[in-house]
Amino acid sequence: RYDAQISVFGSKLQKKLEDAKAFIVGSGALGCEFLKNIALMGVSCGNKGKLTITDDDVIEKSNLSRQFLFRDWNIGQAKSTVAASAAASINPCLKIEALQNRVGPETENVFDDTFWENLTVVINALDNVNARLYVDQRCLYFQKPLLESGTLGAKCNTQMVIPHLTENYGASRDPPEKQAPMCTVHSFPHNIDHCLTWARSEFEGLLEKTPAEVNAYLSNPVEYKTAQRTAGDAQARDNLERILECLEKEKCVTFQDCISWARLRFEDYFVNRVKQLIYTFPEDAATSTGAPFWSAPKRFPHPLQFSTADPSHLQFVMAASILRAETFGIQIPDWVKHPQMLAEAVDKVTVPDFQPKKDAKIVTDEKATTLSTASIDDAGVINELIFKLELCTKKLPQGFKMKPIQFEKDDDTNYHMDLIAGLANMRARNYSIPEVDKLKAKFIAGRIIPAIATSTAMATGLVCLELYKALDGGHKVEDYRNTFANLALPLFSMAEPVPPKVIKHGDMSWTVWDRWILRDNPTLRELIQWLKDKGLNAYSISYGSCLLYNSMFPRHRERMDKKVVDLAREVAKAELPPNRKHLDVVVACEDDDDNDVDIPQVSIYFS
């Protein structure tokens with residue numbers, strides 16, 4: 001089966017491929033391509049080989065366009081299980097185990113020290129930076145090669161992380177994505193993206209965060225109230241105001257209540273807030289420098305006039321009332337989907353007249369990160385809100401709970417995108433911004449970046465070329481290649497990986513890949529002496545966030561003859577599982593000239 005490959009690389013490398021113990025993290029678009037390539041290459045297909053793949057996600061309809069090991073009858077099934085089964089049908093010799101665990105600190109009982117130590121290579125097929133950074137730290141710690149890749153539309157990149165030869169993935173970061181200022185999104189939008197960002201934020205606030213806050217309060221009122229009093233800030237005040245508003249002024253018992261809520265939301269969002277903005281900043285308003293306030297890119301807004309004759313107005317009320325009813329567990333009647341009957345129900349709602357506030361504060365600072373303004377007496381307001389909440393909760397039925405709704409863009413029957421598109425388009429209408437259809441709204445609000453199968457195939461193909469080198473071993477850093485490609489330009493840029501930063505002290509040198517190991521369960525004194533023999537004076541030793549030793553504290557000298565592991569258990573209250581044979585401490589050192597020296601992590605083996 002592998003004759004063509006053997007004719008190029010030889011049978012020795014083929015044996016190394018077959019006996020490899022590989023770990024693929026993720027079983028989406030990249031994961032499916034990797035599995036196909038690995039099955040065809042014969043990786044982990046020998047008697048000693050094993051491939052572990054893990055992914056905690058299930059197959060959705062939208063995956064089928066690019067995650068080609070899945071079929072429509074697999075929708076709802078675990079990605080890793082289905083992908084593993086498909087890969088085994090490509091090569092029945094593949095020794096594969098499929099898991100449904102997220103890789104992170106919470107699953108270190110599954111992916112324990114023994115698991116990592118036995119691996120030959122790790123291949124990332126992930127879609128988020130935090131998971132990548134965690135796997136990178138594990139590979140750094142256990143000194144395992146990590147083959148990293150990612151795609152974004154027509155762009156793809158690959159990075160080889162090879163022990164002692166290259167820098168690790170976390171050594172360099174992309175600059176953060178530019179986001180629209182909060183005041184632009186909330187008061188001065190000038191394109192549809194701003195409207196959709198605002199719509200998504202309002203959806204999550206009304207239907208997910210507020211019901212979740214209500215449940216957090218109701219499940220443990222004493223603990224929740226204590227936490228808000230301790231915080232004592234504008235955010236705590238806002239949390240309590242939202243809960244009180246939801247359970248008192250905006251509480252829904254019948255579906256008509258939900259329609260009233262939706263109709264009044266329309267009035268608040270697209271009429272009253274705009275009138276207040278115009279009242280605070282009239283069309284002829286000027287800035288402190290005398291320039292017109294409403295100059296480009298700001299757009300002067302106009303309030304809407306609600307009409308049951310406008311299908312988009314009715315559609316907004318229908319979607320909002322249905323989702324509101326869902327959060328309160330209220331049955332949804334069939335008549336809500338009949339425009340005439342819905343219009344009759346909406347006409348019953350009494351809408352109060354708008355009264356402008358003279359002291360309304362509208363954030364105009366583009367650097368502001370929150371819309372909450374601190375009050376002189378936040379603590380007093382919080383206590384008053386808590387008192388009102390206590391009275392309000394006494395009127396609730398026994399065991400009352402709300403149902404938070406998580407945004408799901410791919411279900412066309414759940415009214416999520418109907419509400420978001422409605423919110424965004426009404427707001428766009430306020431500011432004379434061109435409106436969008438539901439599909440375009442889904443595209444932007446769902447933060448969908450078109451996935452191109454060609455980019456994925458290219459990234460995984462390039463990684464698998466490097467996999468030959470990683471499994472062969474004995475290569476220099478200049479033998480490996482990192483790639484950045486953009487098929488849309490087209491641009492293909494290949495470069496040698498960057499070597500790790502070398503730290504030197506005396507005749508010693510080390511990199512981020514090094515870990516200093518002390519065996520035979522040393523005492524604190526033995527650890528400090530071991531470092532002193534290297535010309536390093538340890539002045540601080542910590543385990544996790546807990547200080548085990550500091551030379552400034554005289555009482556810490558009493559700990560000198562205690563075992564380091566016993567100090568970790570006593571002082572840091574460390575709970576070391578039975579299968580753990582070592583612990584890691586961070587040591588701050590200086591040389592004889594009192595210059596700080598960054599030393600590697602120190603591992604203390606106690607059994």
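UniProt positions are given in the numbering used here, with feature names shortened, and the annotations may be inferred rather than shown by experiment. With that in mind, the unreviewed UniProt entry puts its "active site" annotation on Cys 183. The model is predicted, so to speak of local features takes pLDDT of at least 70 and side-chain atom pairs count only at pLDDT 80 or more, while totals for chains, interfaces and linings use all residues. Residues are numbered from 1 along each chain as its sequence is written, and side-chain values use heavy atoms, leaving out hydrogens and water.

Cys 183 sits in helix α7 (residues 182-187); helices here are DSSP runs of H or I with at least four residues, strands are E runs of at least two, and both are numbered from the N terminus. Cys 183 counts as buried because its relative accessibility is 2% (buried is under 20% relative accessible area, exposed over 50%, partly exposed in between, with a 1.4 Å probe and protein chains only).

Turning to the sheet, 8 strands make up an open, mixed arrangement ordered β3-β2-β1-β4-β5-β6-β7-β8, where pairing takes at least two DSSP bridges between two strands. The edges belong to β3 (96-99) and β8 (491-495), each with a single partner strand, so one side of each has no neighbour in the sheet. Strands β7 (residues 482-486) and β8 run antiparallel, joined by 5 bridges, and Phe 484 stands opposite Ser 493 in β8.

Elsewhere, β12 (residues 537-543) and β13 (residues 546-550) pair antiparallel over 4 bridges. Tyr 543 has Cys 546 of β13 as its bridge partner, and in this hairpin, with 2 residues between the strands, Gly 544 takes a positive phi near 65 degrees.
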